[in-house]
Amino acid sequence: MSFALNHCVACAWYFVGTSEIQEWSWVQHFESGSRVEPDVLSFYLIAVHWSLTQFTPASMEVVPRNSVERAFNIGIIILALLCTSSVLSSITAHMTLLRRLSEERNQQHELARKYITDHKLSVE
């Protein structure tokens, strides 16, 4: 799911960068600074790299160059915040469940030990 989400965000980022809504975009900025004509694979990899940096504490040199790109970037950061919160919440819930199950098992072992001791039973 994570790669699918990053793929979709990357494609949307490329779409925003190639749309003619604003005059200067991250795609045009990259094209103007490149010594060779970038191909589709290069742009895809750059967009996926950008997408991954929005969901992790990484950074890269591709940044929004106009207000549409900046608004899109803000939306993706909010989405990343929600996704990260959801993952952390899920991990916390699972850890709490594991801790509770471990405590129940320990209580059952303690009750069994107490029963064996109180009734002077052999464990052999």
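**Core, rings and charges**

Guide: In the largest nonpolar core, which has 17 residues, the members touching the most others are W13, W26, W50, V62, F72 and I76. The model is predicted.

Visitor: What does I76 touch beyond four places in sequence?

Guide: I76 touches V9, W50, Q54 and F55. W50 is, like I76, among the core members that touch the most others.

Visitor: How many aromatic pairs does the structure hold?

Guide: The structure holds eight aromatic pairs. One of them joins Y14 and W26, with ring centres 6.4 Å apart and planes at 70 degrees.

Visitor: What makes Y14 and W26 an edge-to-face pair?

Guide: Two values decide this. The centres lie 6.4 Å apart, and the cut-off for a pair is within 6.5 Å. The planes are at 70 degrees, and an angle over 60 counts as edge-to-face. The pair of Y14 and W26 is therefore edge-to-face.

Visitor: Where in the chain are Y14 and W26?

Guide: Y14 is in helix α1 (residues 2–18) and W26 is in helix α2 (residues 26–33). They are twelve residues apart, and the pair links distant parts of the chain.

Visitor: Why is W26 called buried?

Guide: W26 has a relative accessible area of 2%. Buried means under 20%, so W26 is buried. Y14, with 32%, is partly exposed.

Visitor: Why is the pair of W26 and F43 called edge-to-face?

Guide: The ring centres of W26 and F43 are 6.2 Å apart, with the planes at 75 degrees. The limits are within 6.5 Å for the centres and over 60 degrees for the planes, so the pair is edge-to-face. This pair also links distant parts of the chain, W26 in helix α2 and F43 in helix α3 (residues 40–55), 17 residues apart. Both W26 and F43 are buried.

Visitor: Which residues do ring pairs link into a cluster?

Guide: The cluster consists of W13, Y14, W26, F30, F43, W50 and F72.

Visitor: Turning to charge, how many salt bridges does a search of the whole structure find?

Guide: The search finds three salt bridges. One of them joins E104 and R100, at 3.7 Å from N to O.

Visitor: What makes E104 and R100 a salt bridge?

Guide: The N to O distance is 3.7 Å, and the cut-off is within 4 Å, so E104 and R100 form a salt bridge. The two residues are four apart in helix α4, which separates them by about one helical turn. E104 is partly exposed at 36% relative accessibility, and R100 is partly exposed at 44%.

Visitor: How do you know that E110 and R113 form a salt bridge?

Guide: Their closest N and O atoms are 3.1 Å apart. A salt bridge needs a distance within 4 Å, so the two qualify. E110 and R113 are three residues apart in helix α4, about one helical turn. E110 is partly exposed at 46% relative accessibility.

Visitor: What is the distance between the closest N and O atoms of K114 and D118?

Guide: The distance is 3.1 Å, and K114 and D118 form a salt bridge. They are four residues apart in helix α4, about one helical turn. K114 is partly exposed, with 48% relative accessible area; D118 is also partly exposed, at 48%.

Visitor: Why does E69 have no salt bridge?

Guide: The nearest side chain of opposite charge, R65, is 6.1 Å away. Apart from neighbours within four places in sequence, E69 is in contact with W13, V16, G17, S25, W26, V63 and P64. W13 and W26 also belong to the ring cluster.

Visitor: How many disulfides does the structure hold?

Guide: The structure holds zero disulfides.

Key:
Residues numbered from 1 in each chain as written. Predicted model: local features only at pLDDT ≥ 70, side-chain atom pairs only at ≥ 80, totals over all residues. Heavy atoms only, no water. Buried < 20%, exposed > 50% of the residue type's maximum accessible area, 1.4 Å probe, protein only. Lys, Arg positive; Asp, Glu negative; His and termini not counted. Contact = heavy atoms within 4.5 Å. Disulfide = S-S within 2.5 Å. Phe/Tyr/Trp six-rings, centres within 6.5 Å; stacked < 30°, edge-to-face > 60°. Core = buried A, V, L, I, M, F, W, Y, C linked by side-chain atoms within 4.5 Å.
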